[in-house]
Amino acid sequence: MNAGSLIDRAKQWARSIKRDVVALWIAARDPRVPWYAKAVAAAIAAYALSPIDLIPDFVPVLGYLDDLLIVPLGIVLAVKLVPTDLMAEFRATASARERRPMSRVGAAAIIAVWLLAAAALVWVFWPILPA
């Protein structure tokens, strides 16, 4: 296998991941999708479409862990939960879209997680002052 075909396969995989995220975003809004599949699809799509990462990319190793493992595994799980015929329809719709949606709710959720983590750290490590 040469480097050119490996790069082409990686590009094709990245395009299919992007398409599936948009398809899951569509699935989360479709009334024909079971509630549990909607919940997983909505969570994965919101996180993947959020402009903010839970673990920032500048954090060594862990920063890219969510991009390389967590998001693709979540997409695989969500795709398996959505009925096959509906997923094919959502993928076709996603492929026809020119613009990728952006999740403000996903960004707000990530910000909330960071604020809760910061508050927990302050609460745990704040020195207890004698009265």
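What radius of gyration does the protein have, and what would a compact globule of 131 residues have?

1. The model under discussion is predicted. Its radius of gyration is 18 Å, whereas a compact globule of 131 residues would come near 14 Å. Along the principal axes, the C-alpha atoms of the protein fill a box of roughly 65 × 45 × 25 Å.

2. The secondary structure consists of five helices and zero strands, so that reading along the sequence gives the pattern α-α-α-α-α. Of the contacts in the protein with a separation of 6 or more, 71% are accounted for by residues 24 or more positions apart.

3. Buried residues make up 31% of the 131 residues, and the protein exposes about 9300 Å², of which carbon and sulfur atoms supply 71%.

4. The largest nonpolar core has 27 residues, and those touching the most other members are L24, I26, V33, I75, V82, M87 and F90. The elements that give two or more residues to this core are α1 (3-27), α2 (35-49), α3 (62-81) and α4 (84-96), with the largest share, eight residues, coming from α1.

5. I26, one of the core residues that touch the most other members, deserves a separate look. Once its neighbours within four places in sequence are left aside, I26 is in contact with F90, T93, A94 and R97; F90 is likewise listed among the core residues touching the most other members.

6. On charge, the protein carries 14 positive and 10 negative charges, and the mean positions of these two sets are 3 Å apart.

Definitions and conventions
Residues are numbered from 1 along each chain as its sequence is written. This is a predicted model: local features need pLDDT of at least 70, side-chain atom pairs count only at pLDDT 80 or more; totals for chains, interfaces and linings use all residues. Side-chain values use heavy atoms; hydrogens and water are left out. Helices (H or I, at least four residues) and strands (E, at least two) are DSSP runs, numbered from the N terminus. The radius of gyration is taken over C-alpha atoms; the globule rule is 2.2 Å times the number of residues to the power 0.38. Buried means under 20% relative accessible area, exposed over 50%, partly exposed in between (1.4 Å probe, protein chains only). Contact means heavy atoms within 4.5 Å. Accessible areas come from the Shrake-Rupley method with a 1.4 Å probe; for residues, only the protein chains shown count as cover. Lys and Arg count as positive and Asp and Glu as negative; His and the chain ends are not counted. The place of a charge is taken as NZ of Lys, CZ of Arg, CG of Asp or CD of Glu. A nonpolar core is a set of buried Ala, Val, Leu, Ile, Met, Phe, Trp, Tyr and Cys residues joined through side-chain atoms within 4.5 Å.
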